[in-house]
Amino acid sequence: MFLTLKVIDSQDNIVCTGSGEDFVDLVCKHTYQEGDRIELTASEEGCYINWQVDDALGAAFVYTTEKTVSYLIPFGEKRNGLSPKVFYGDRHYLYAEAARPDEIRAYRNLALNPADQHCDVACYPHATANVETRGEATFAAKNAIDGVRANLSHGRWPYHSWGINMQDDAVMRVDFGRRIKTDRVVLYTRCDFPHDNWWVQVTLSFSDGSSLDFPLEKSSRGHVLTFPEREITWIELGNLIKADDPSPFPALSQIEVYGTNVL
């Protein structure tokens, strides 16, 4: 697989670029400006790729459904769900690498994607929701799949979360962009008590049409939800039943979906 990485400015000028067979890295000596984007192009569609859009963000194991994927560098309020070190300064290390067969076959958290974006992209896993508190970056659905489990406070990174704006009908979906098999989900609910409420029951709904209810308890530890293996393309978290508590603010810090790719 031939891979190309580019950094492109708001006027579509190429700031820096690199290419390689199965692997490409790029040292970009440039202070990012609003409108800059990172562009990854592969020679084929339907690829499993490890790519790092910034050295402070870390690598993401992703599946791309189109040959070209763009990552828009965030600025202003959109940075509040990210480490302040991400995309900062005038020297950045990016890379993309074709995933090895053993990585593709491995049983792993298939929901993990620190490079997810708050827009529709041909790069998975991808998190969306029918509500995000006040539309703020600190409460975006993508925060719950970035691998940061810190849940003892709320607000900016690393205490960002998926916030439901106090809506009882809140639903979050993780799309995988391909078929996977899963038998375990782990939820890290936000636990900034007494500011936060918590859920006593949630429902997992699957793309195969099935759904399962699970009881939860007041805990900062991961809630491990196991079930018979299902072959799916997406999973939803909904029917979120709050505890009888004065706080109206339950939230989700992280969702992990364990399984394997269907090859």
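## Close-up views of strand pairing and salt bridges

**View 1. Strand β14 alongside strand β16.** In β16, I235 is the bridge partner of F206, in a model that is predicted. Strand β14, which spans residues 199–206, runs antiparallel to β16, and 6 bridges join the two.

**View 2. Strand β13 paired with strand β16.** Strand β13 (residues 172–189) and strand β16 (residues 223–242) are paired in the antiparallel sense, with 11 bridges between them. Within this pairing, I180 stands opposite I232 in β16.

**View 3. The open sheet containing β1, β2, β4 and β7.** The 4 strands of this open sheet follow the order β2-β1-β4-β7, and their pairing is antiparallel. The edges are formed by β2 (14–21) and β7 (68–72), each of which has a single partner strand, so that one side of each is left without a neighbour in the sheet. From one strand to the next, the twist averages 15°. Strand β4 (residues 37–42) and β7 run antiparallel and are joined by 5 bridges, and R37 stands opposite L72 in β7.

**View 4. The salt bridge between R149 and E256.** Among the 10 salt bridges that the structure holds, one is formed by R149 with E256, whose closest N and O atoms are 2.9 Å apart. R149 lies in the loop between β11 (126–129) and β12 (162–163), while E256 lies in strand β17 (residues 251–261), so the pair ties together parts that are 107 residues apart in sequence. At 40% relative accessibility R149 counts as partly exposed, whereas E256, at 5%, counts as buried.

View 5. The side chains of R190 and D196 meet in a salt bridge at 2.7 Å, taken from N to O. Both partners fall under the 20% limit for burial: R190 counts as buried at 4% relative accessibility, and D196 counts as buried at 1%.

Technical notes
Residues numbered from 1 in each chain as written. Predicted model: local features only at pLDDT ≥ 70, side-chain atom pairs only at ≥ 80, totals over all residues. Heavy atoms only, no water. Pairing = 2+ DSSP bridges. Axes fitted to C-alpha atoms, helices over the stretch in contact; angles between N-to-C directions. Salt bridge = Lys/Arg side-chain N within 4 Å of Asp/Glu carboxyl O. Buried < 20%, exposed > 50% of the residue type's maximum accessible area, 1.4 Å probe, protein only.
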